[in-house]
Amino acid sequence: MPISASARVNAPVGPRVLSLDGEVCGILAGVTGGSIYGEFVTEKLGLDRLARKHLSGVKYEEIALEVGLGMSARFHDWVKESLQGKEIRKDGFVYVCDYNYQPRGSLAFTRALVSEVSFPRTDAASKDPAKLTVKLAPEMLRSSRNPPKAELKLTPSKQQKKWMSANFRLEIDGLDCTRVNRVSPPVARRALVEHAVGELRDYEREGSPWDFGNLTVTLAQSHAEGWYKWHEDFVIKGENGDDKEKNGSLVYLAPDLKTELFRIKLSHLGIFRLHEDAGEAGSEQIHRIEAEMYCEQMELQSHA
């Protein structure tokens with residue numbers, strides 16, 4: 001298994017800081033991936049009957065960034081515009097710092113594309129902070145144990161304490177969502193096609209169209225009449241044209257349950273399954289159902 005380049009520079013335990021195009025964008029909640037490894041090929045057996053192997057190129061693992069609130073507009077705009085289908089490539093650094101925000105190591109990435117966005121799960125019973133996970137696919141990585149000295153003047157965001165998985169509101173046209181207690185994490189991902197660059201050992205990457213994952217919504221059966229009707233019309237009766245799909249939003253809220261922190265627009269939702277939530281025996285008395293829907297587009301509309 002290749003050793004992550006980000007892991008090789010994290011000996012000094014301290015904050016990780018993201019920089020994009022020369023601008024410090026904020027403190028990261030977590031970083032994984034970012035290894036540099038060589039691919040090898042096995043040749044046909046020769047007269048000596050040995051399977052000769054040799055390296056055929058250099059590969060760069062995607063970098064997964066976990067972020068809370070407090071990241072700069074440059075970062076959020078990159079995510080937003082990428083989800084809109086724009087091919088925006090950025091150079092940057094993940095700095096590993098001491099507690100005075102002095103870089104002690106770094107992972108530099110070049111011409112990175114956003115390849116996956118996983119929004120936080122929502123659960124009314126959760127006490128966990130919400131985190132956004134963004135995967136970057138770079139065309140090149142370089143790690144360093146001795147980055148140039150630079151003072152990164154940052155302090156942890158106080159807003160992070162406001163962003164909790166339990167504080168949310170689901171809105172879907174024509175449906176009662178007031179008793180929704182859980183929504184699966186909305187996920188958007190896309191494959192990247194690699195093109196060899198002349199005689200170089202690196203590759204250019206080009207993004208394919210986004211694939212937006214399904215949503216699973218859990219709600220009280222007592223408030224599910226509209227959901228049952230939509231399922232009957234859409235699935236059983238076959239009334240499932242574009243005009244029967246629904247639009248909506250998943251809104252992440254501050255503790256006052258009024259102030260919006262994030263809003264994700266969900267377009268062209270189509271229900272395809274409705275069933276009882278098995279849950280855990282004796283865990284609750286409320287009878288709940290699960291509704292599963294496909295989604296054709298997700299758009300980050302606003303952020304704190």
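**Entry 1: ground rules**

I start with secondary structure: helices (H or I, at least four residues) and strands (E, at least two) are DSSP runs, numbered from the N terminus. I am looking at a predicted model, where local features need pLDDT of at least 70 and side-chain atom pairs count only at pLDDT 80 or more, while totals for chains, interfaces and linings use all residues. Residues are numbered from 1 along each chain as its sequence is written, and side-chain values use heavy atoms, with hydrogens and water left out.

**Entry 2: the overall tally**

I count three helices and 21 strands in the protein. Next I looked up burial, where buried means under 20% relative accessible area, exposed means over 50%, and partly exposed is in between (1.4 Å probe, protein chains only). Of the 304 residues, 45% count as buried. The accessible surface comes to about 16100 Å², and 49% of that belongs to carbon and sulfur atoms. Those areas come from the Shrake-Rupley method with a 1.4 Å probe, and for residues only the protein chains shown count as cover.

For contacts I use heavy atoms within 4.5 Å. Among contacts between residues at least 6 apart in sequence, 71% join residues at least 24 apart.

**Entry 3: the core**

In soluble globular proteins, nonpolar side chains tend to be buried together. I looked for nonpolar cores here, meaning sets of buried Ala, Val, Leu, Ile, Met, Phe, Trp, Tyr and Cys residues joined through side-chain atoms within 4.5 Å. The largest one has 62 residues, and Leu18, Phe75 and Trp227 have the most contacts inside it. Strand β20 (residues 260-276) gives the most to this core, with seven residues.

Which residues does Phe75 touch? Leaving out residues up to four places away in sequence, I find Leu18, Leu20, Cys25, Leu65, Val67 and Val134.

I checked phi for positive values in residues other than glycine. Arg111 has one, near 50 degrees. Arg111 lies in strand β8 (residues 103-118), and Arg111 is partly exposed at 36% relative accessible area.

Leu257 has a positive phi as well, near 60 degrees. Leu257 sits in the loop between β19 (246-253) and β20, and its relative accessible area of 47% makes it partly exposed.

**Entry 4: salt bridges**

Side chains of opposite charge can pair when their charged atoms come close. My cut-off for a salt bridge is a side-chain nitrogen of Lys or Arg within 4 Å of a carboxyl oxygen of Asp or Glu. How many salt bridges does a search of the whole structure find? The search gives 17.

I looked at Arg189 and Glu116, whose side chains meet at 3.4 Å, N to O. Arg189 is in strand β14 (residues 187-189) and Glu116 in strand β8, so this pair ties together parts that are 73 residues apart in sequence. Arg189 is partly exposed at 39% relative accessibility, whereas Glu116 is buried at 15%.

Glu171 and Arg169 form another salt bridge, at 2.8 Å, N to O. Glu171 is partly exposed at 27%, and Arg169 is partly exposed at 30%.

I also noted Lys237 with Asp233, where the closest N and O atoms are 3.7 Å apart. Asp233 counts as buried, at 15% relative accessibility. Salt bridges that share partners join Asp21, Glu23, Arg74 and Lys90 into one network.

**Entry 5: a buried serine**

Is Ser165 buried or exposed? I find Ser165 buried, with a relative accessible area of 4%. Ser165 lies in the loop between β11 (140-144) and β12 (168-172). Apart from residues up to four places away in sequence, Ser165 touches Arg121, Thr122, Asp123, Ser126, Asp128, Pro129 and Ala130.

**Entry 6: rings**

I pair rings of Phe, Tyr and Trp (its six-membered ring) if their centres lie within 6.5 Å; planes under 30 degrees apart count as stacked, over 60 as edge-to-face and the rest as tilted. By this rule I get six aromatic pairs. Phe93 and Tyr95 have ring centres 5.2 Å apart and planes at 10 degrees, so they are stacked. Phe93 is partly exposed at 32%, whereas Tyr95 is buried at 13%.

Ring pairs also link Trp227, Trp230, Phe234 and Tyr294 into a cluster. The charged end of Lys246 sits over the ring of Trp230, 5.4 Å from its centre. For that I need NZ of Lys or CZ of Arg within 6 Å of the ring centre and within 35 degrees of the ring normal.
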